[in-house]
Amino acid sequence: MPPLPPVLGARRAPTDQPGDTAPDDRGAFDDTLGDAALHTARAALAQGRRQAARSLLLHTGDDWDRRGHCLTVLAQEPYAAAWADDWLHAEPGSADAATLYALAQVQRALRGKEEPDRARAACADAAALAPADPTPWLGLLLLARTLGPEHEALGVFAELRRRHPEHHHAHHLLLARLAERPSAGRGAEDHEVYDLAELAAAEAPADSPLALLPVVAHAERHRVLVAAGLAPADPAARGHWSGPRARRILRAGFDWWLEWEHDEHPRRHVDLNHLAFALSCAGRPAEAAALFQRIGRHATPAPWSCLHHRDPLAAFHAARARALGH
């Protein structure tokens with residue numbers, strides 16, 4: 001088994017607005033996570049108009065976390081590959097068009113509508129056009145996380161980290177994959193994904209959202225155990241969030257959030273949902289309520305999909321209602 005690549009922290013963009021509830025009123029998850037410009041660009045792209053997406057990607061510059069978030073969301077549109085292909089024909093050599101096309105092909109491959117090797121080739125083409133950009137490698141990591149062997153995921157993560165050691169989405173994908181390793185007879189709170197997550201959090205700058213990776217790792221292990229039939233879907237039923245390690249990481253995670261709550265990281269709601277989920281499962285409703293107030297309507301599929309006995313959006317609303325006393 002190849003050694004785990006070293007992991008480093010992530011810097012954080014400065015502020016968030018309290019009670020950010022720029023909502024999705026459709027009763028569904030909003031993948032834009034409250035990014036109004038991304039929401040506009042996605043709607044325009046769905047109509048075949050690429051100028052808003054072109055402008056959005058131009059202005060992301062080397063904010064690699066936001067660029068990855070924007071391109072991943074845009075690529076999920078059903079006709080994104082076709083629109084990106086038209087864009088490439090109109091602007092040959094456009095790294096933005098090539099990367100959108102590559103990530104759209106990745107999404108198609110993940111849905112079983114494209115050959116993974118074609119998606120990998122599209123990512124390689126995009127990487128050649130923009131060697132410093134980690135986003136084509138994010139596409140490869142999305143493929144490797146689901147469709148490739150572990151050594152492929154580790155190798156891609158290492159290449160991505162060379163370009164952006166602080167990549168938020170990449171760390172989450174790697175933890176999700178490594179959480180699926182067999183525990184090799186270890187105890188419930190003794191799995192190597194916990195060690196990796198705690199190492200990343202410890203090496204991260206004090207204001208880094210990677211501080212919450214241990215919480216993410218704990219949720220990922222719960223997902224794996226439930227899927228394997230080794231644990232009940234209800235985390236409280238097996239004390240998953242009540243052991244010494246779980247209590248320690250929850251205390252550290254909540255304390256971090258209290259001090260650094262003005263984050264504008266593009267994927268901040270992913271972190272806040274993980275912390276709200278963990279606090280809810282640990283039976284700490286007052287602290288969970290503070291998180292739910294911050295999240296507003298920006299639920300994310302993970303970690304609520306850990307609760308296999310119900311729809312993840314329903315699980316989010318039920319936990320929020322309990323915490324807020326509704």
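Predicted model: local features only at pLDDT ≥ 70, side-chain atom pairs only at ≥ 80, totals over all residues.
Local features need pLDDT of at least 70 and side-chain atom pairs count only at pLDDT 80 or more, while totals for chains, interfaces and linings use all residues. Residues are numbered from 1 along each chain as its sequence is written, and side-chain values use heavy atoms, with hydrogens and water left out.

**View 1. Salt bridge between Glu150 and Arg181.** The two side chains meet at 2.6 Å, N to O; a salt bridge is a side-chain nitrogen of Lys or Arg within 4 Å of a carboxyl oxygen of Asp or Glu. This pair links distant parts of the chain, 31 residues apart: Glu150 is in helix H8 (residues 150–163), and Arg181 is in the loop between helix H9 (168–178) and helix H10 (192–203). Helices (H or I, at least four residues) are DSSP runs, numbered from the N terminus. Glu150 is buried at a relative accessible area of 16%, and Arg181 is buried at 5%. Buried means under 20% relative accessible area, exposed over 50%, and partly exposed in between (1.4 Å probe, protein chains only).

View 2. Glu159 meets Arg162 at 2.7 Å, N to O, and Arg163 at 3.0 Å, N to O. Glu159 is partly exposed, with a relative accessible area of 24%, as is Arg163, with 22%. Arg162 counts as exposed at 61%.

**View 3. A network of salt bridges.** Arg145, Glu180, Glu220 and Arg223 are linked in this network. The count of salt bridges comes to 19.

Conventions: Helix = DSSP H or I, 4+ residues; strand = E, 2+ residues; numbered from the N terminus.
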